[in-house]
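Me: I'd like to go through this one with you, piece by piece. Can you take my questions as they come?

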Amino acid sequence: MTLTIRNASKTYPDGTRALLPTDLTVGQGEILSLLGPSGCGKTTLLRIIAGLETPDAGTEVRFDEEDVTRLAVEHRNVGMVFQSYALFPNMSVRANIGYGLKVRKVPKAEREQRVDEVLALCRLGDYAERAVTALSGGQRQRVALARAMAPRPRILLLDEPLSALDAALRDSLRDELAAMLRQFRITAVFVTHDQAEALAIADRIAVMSHGQMQQVGPPEELYRTPASSFVARFIGNAMPLPGSIVDGHLILHGGHLPLPAAAAGVEVFVRAEDVHLDDAGPLSGTVETVAFSGGHYRIGIAGITGETLFATHPGRQAPRPGDSVRVRIDADDLLVLPQDRS
Ligand code: ATP
């Protein structure tokens, strides 16, 4: 199913403008992530798609050709997975998954068949008769997905489905969830505030801030060519390189950097992975902090930007706090963006 949203907006009764007029299309089988900081309006948009929230006049929501803008949630056939999973604790895995089908009065034989189907797809076959209270967090998450998918929804909506899990489990479940969603070939909209989750799971990401879409595109595109400083900071934690621009060079405290193109009215950013310790580099600074993080060191350097500039250092040896270092940033790795006037 293709989801088309036109001119969707929402003003709550207290006057809060949670969503400013927004257009969005999600293609058949596409997984779109709504990503943004708390309060940016992503849950509001998800609830409008679900039919749980009445949008402002002028909003149009279509499931394929059908205008569902005024259709109640129970008639939209959407599958939902929430942060809390909202499973029925006193029921078995099988009963949880079959619940939606029972409510819809699907005949028993067909019900059993569909439940078996999603049990297999979500690799829950061995747990079918268990109480959900006897499952791990990751298994419960799979039950929530299976329960949402059993009625064969037209679209699947997920609201922070991994945020109740601890960090290590979240990392491993991210890829698993992405694989399961693709296996179902379901059109899905996925709300998260976690950039790593959005990058790993989504076909396209819509970055939101203050009720507005900032940029919509595939993860690689948003990462490599962010359209604004907000997107650059939010995805990949780009750091500002504040300095004056003279003759195509950026003048920093610790030295000059050639810019990739002549530019005015721009801000320049760089990511830690593109800041290299290099004895022949044009910038000089002083090491403030050194943190080992397994595959690399994270080095905090003072004296280049006025703030701490972080470098991801892959070497087996790291400098020590207080050491003078030289730093190289390649022109191609600079993110040169229009000045943020907001
Ligand atoms: P979070 O990640 O914290 O859930 P979000 O990006 O999903 O945030 P929304 O929940 O959509 O954001 O909220 C957007 C804005 O609308 C916020 O400023 C929020 O306080 C406000 N808001 C949400 N629900 C209501 C409501 N029922 N009445 C008034 N304001 C609301």
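Me: Let's start with the strands: in what sense do strand 15 and strand 21 pair, and over how many bridges?
Reply: Bearing in mind that this is a predicted model, strand 15 (residues 266-270) and strand 21 (residues 335-338) pair in the antiparallel sense, and four bridges join them. Within that pairing, E267 has L337 of strand 21 as its bridge partner.

Me: And which sense does strand 11 take against strand 15?
Reply: Strand 11, residues 239-240, is likewise paired with strand 15 in the antiparallel sense, here over two bridges. P240 is the residue that stands opposite F269 of strand 15.

Me: Ok, domains next. How is the protein chain divided?
Reply: The chain is split into domain 1, covering 3-234, and domain 2, covering 239-338. Taken over C-alpha atoms, the centres of domain 1 and domain 2 are separated by 38 Å.

Me: How many residues of each are in contact across the two?
Reply: Four residues of domain 1 are in contact with four of domain 2. On the side of domain 1 that touches domain 2, the residues divide into two nonpolar, two polar and no charged.

Me: What about the largest nonpolar core, how many residues does it have?
Reply: The largest nonpolar core has 91 residues, and those with the most contacts inside it are A146 and V189. Helix 4, residues 137-149, gives the most to this core, contributing six residues. The core also draws at least three residues from each of domain 1 and domain 2. As a general point, nonpolar side chains in soluble globular proteins tend to be buried together.

Me: Which residues does V189 touch, leaving out its sequence neighbours up to four places away?
Reply: With those left out, V189 touches V26, L32, L34, L46, I49, I155 and L157.

Me: Switching to the ligand: which residues are closest to it?
Reply: The ligand is surrounded by 13 residues, of which the closest are Y12, A18, S38, T43 and T44. Helix 1, residues 42-50, supplies the largest share of that shell, namely three residues.

Me: And how do the shell residues divide by type?
Reply: The shell around the ligand divides into three nonpolar, eight polar and two charged residues.

Me: Back to helices. Which residues of helix 2 are buried?
Reply: In helix 2, residues 93-103, the buried residues are V93, R94, N96, I97, G98 and L101. These buried residues of helix 2 pack against helix 3 (108-121) and helix 4.

Me: What happens with phi just after helix 2?
Reply: Just after helix 2, K105 takes a positive phi of about 60°.

Me: Then what is phi at R152, and where does R152 lie?
Reply: R152 has a positive phi of about 50°, although it is not a glycine, and R152 lies in the loop between helix 4 and strand 7 (155-159).

Me: Why does R152 count as partly exposed?
Reply: R152 counts as partly exposed because it has 15 C-beta neighbours inside 10 Å, and a residue would need 20 or more to be buried or 12 or fewer to be exposed.

Me: And E160, what is its phi?
Reply: Phi of E160 is near 45°, which is again a positive value in a residue other than glycine. E160 is placed in the loop between strand 7 and helix 5 (167-184). With 19 other C-beta atoms within 10 Å, E160 is partly exposed.

Key
Residues are numbered from 1 along each chain as its sequence is written. This is a predicted model: local features need pLDDT of at least 70, side-chain atom pairs count only at pLDDT 80 or more; totals for chains, interfaces and linings use all residues. A residue is near a molecule or strand if its C-beta atom, placed from the backbone, lies within 6 Å of it. Ala, Val, Leu, Ile, Met, Phe, Trp, Tyr, Cys and Pro count as nonpolar, Asp, Glu, Lys and Arg as charged, and the others, Gly among them, as polar. A nonpolar core is a set of buried Ala, Val, Leu, Ile, Met, Phe, Trp, Tyr and Cys residues joined through C-beta atoms within 7 Å. Domain bounds come from an automatic or database domain assignment. Two residues are in contact if their C-beta atoms, placed from the backbone, lie within 7 Å. Two strands pair if DSSP finds at least two bridges between them.
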